[in-house]
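Good morning, and thank you for coming.

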Amino acid sequence: MSGINAEKQRVFAREVVSRLQKAGFDALWAGGCVRDQLVGRTPKDYDVATSATPDQVRQLFGRRRTLPIGASFGVITVLGPRGAGQIEVATFRSDAGYSDGRRPDAVTFSDACADAARRDFTINGLFFDPVTGKVVDFVGGRRDIEAKIVRAIGDARERIAEDKLRMLRAVRFAATLDFSLDPATQQAATELAADICVVSAERIAAEIERMLVDPHRVRALELLRETGLLVIVMPEAAPLVEDVRRWNATLAVLERLDDPSFGLALAALLRGVLSTAPVGDASEQPRRRRGGPTSPVEQLVDAVVTRWKLSNATSDRTRWLLENYATLAQARQLPWSRLQPLLTHEFAGELVGLSAAVLSAVDGDTTQTEYCRQKLALPADQLDPPALLNGGDLHRRAIPAGPAYRRLLQAVRDAQLDGVVTTKAEALELVDRLTDADTNNECNNAR
């Protein structure tokens, strides 16, 4: 959440608990915030569990400072002061049945012990009293944090059957926390992997994104492979997970990415799906035509993007990286007019990063991408100098407006970048030669 000050957020979360307790209610921090502080991480947000009902929470904090968005599940959002964010305050509850495998059919208000028992994993079933500094543990979560284990609360199969997304969450927690996955929990996820399809595409994609952008993304993918979840959420990856050499090479590339965006990490994974060898120069691949994708890159990206309902921005980013990363393997040999547009693109840094990861994983030679990094460090006026000509210059040359403008300006730009023309006068002379050649060709064709 942007604009949130971690210390103000923590102080506000403590004040919410304190105010509830002073009003005579039980109140504790719950779930992920407790887990995070016990493993030495700063919580991203805070949840409060309480014996107060939703109506009592709203009465205590006032209707102007509360939102009843999740009231049907006993959750009220309490708005904090500027910089402190907001806190979800949930009434202790028990869940009754998960007939759709995603959400409880009904909830019953209960106590802290029952509330802990309904949660997914022991490490997420902890409570903490910020007033006294006491950890409240009904499910053995503190022991599992110390042992670095992700374990389902109670019967693992029953817990996962309640909410199928818990399979992906188990993998994510084990990977991002660098914990092991409890054997019974992993077995349950493996046996129920096919049921992940009942979960919405958006929730699946959100979990995969959080895994791929995390430094422990390789561990996450290994667990996704072991449980069979990867080929369920991405059927295109089936040949990849069956080929040990291709799989290990893909993991090696992913491991070398530095703080990647989702689009970059996804491109690295899909690269492994596409071929055992580096993808060929995408400029030689057919471009998108009316009626749908035409190249293997476009087909694969479109299939994944459509299934996971990803944004156009992520789709475009992933596709562009896949189409162009291999070009940088010959960066030194390319004319500057070919390389420069790639290095001035919005995602140039990520393109160099992906290419470097691939080249490093293949043979350890990153001299080509180091050359690209040197170019990226050039002053802006050298990396991307102003164009010598524009459309107005062509108009004043009495050249009829139309498709020729784009072709002529691109030819001049390429010549400028390659040092063939260096002044506006030279650029105009080139335009004259090109237009004269076009005229001669038209005359010859008319004969």
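**The sheet and the cores**

Let us begin with strand β3, residues 66-70, and strand β4, residues 75-79, which pair in the antiparallel sense over three bridges. Please keep in mind that this is a predicted model. Within this pair, G70 stands opposite V75 in β4. The two strands form a hairpin, with four residues between β3 and β4. In the turn, G74 has a positive phi of about 80°.

Where does this hairpin sit in the sheet? The sheet is open and has seven strands, in the order β3-β4-β5-β2-β1-β8-β9, with mixed pairing. Its edge strands are β3 and β9, residues 134-137, each of which pairs on one side only. On average, and ignoring direction, neighbouring strands of this sheet are turned by 35° against each other.

Helix α1, residues 6-22, touches β1, β2, β4, β5 and β8. The direction of α1 makes about 150° with that of β1. Helix α3, residues 54-61, touches β2, β3, β4 and β5. The direction of α3 makes about 15° with that of β4.

In soluble globular proteins, nonpolar side chains tend to be buried together. In this model, the largest nonpolar core has 107 residues, and I208, M234 and W308 are those with the most contacts inside it. Helix α14, residues 262-274, supplies the largest share of this core, with nine residues. A second, separate core of 13 residues includes Y405, A427, L428 and L430.

To return briefly to M234, its contacts beyond four places in sequence are L266, L269, L270, V273, V304, R307 and W308.

Is Y405 buried or exposed? Y405 counts as buried because its relative accessibility is 13%, and the cut-off for buried is under 20%. Setting aside neighbours within four places in sequence, Y405 is in contact with G391, L394, H395, I399 and P400. With H395 there is also a polar contact, in which the side chain of Y405 reaches the backbone nitrogen of H395 at 3.3 Å. Finally, Y405 and L60 are 345 residues apart along the chain, and their C-alpha atoms are separated by 68 Å.

Definitions and conventions:
Residues numbered from 1 in each chain as written. Predicted model: local features only at pLDDT ≥ 70, side-chain atom pairs only at ≥ 80, totals over all residues. Heavy atoms only, no water. Buried < 20%, exposed > 50% of the residue type's maximum accessible area, 1.4 Å probe, protein only. Contact = heavy atoms within 4.5 Å. Polar contact = N/O pair within 3.5 Å; in protein donor to acceptor, adjacent residues only side chain to side chain. Core = buried A, V, L, I, M, F, W, Y, C linked by side-chain atoms within 4.5 Å. Pairing = 2+ DSSP bridges. Axes fitted to C-alpha atoms, helices over the stretch in contact; angles between N-to-C directions.
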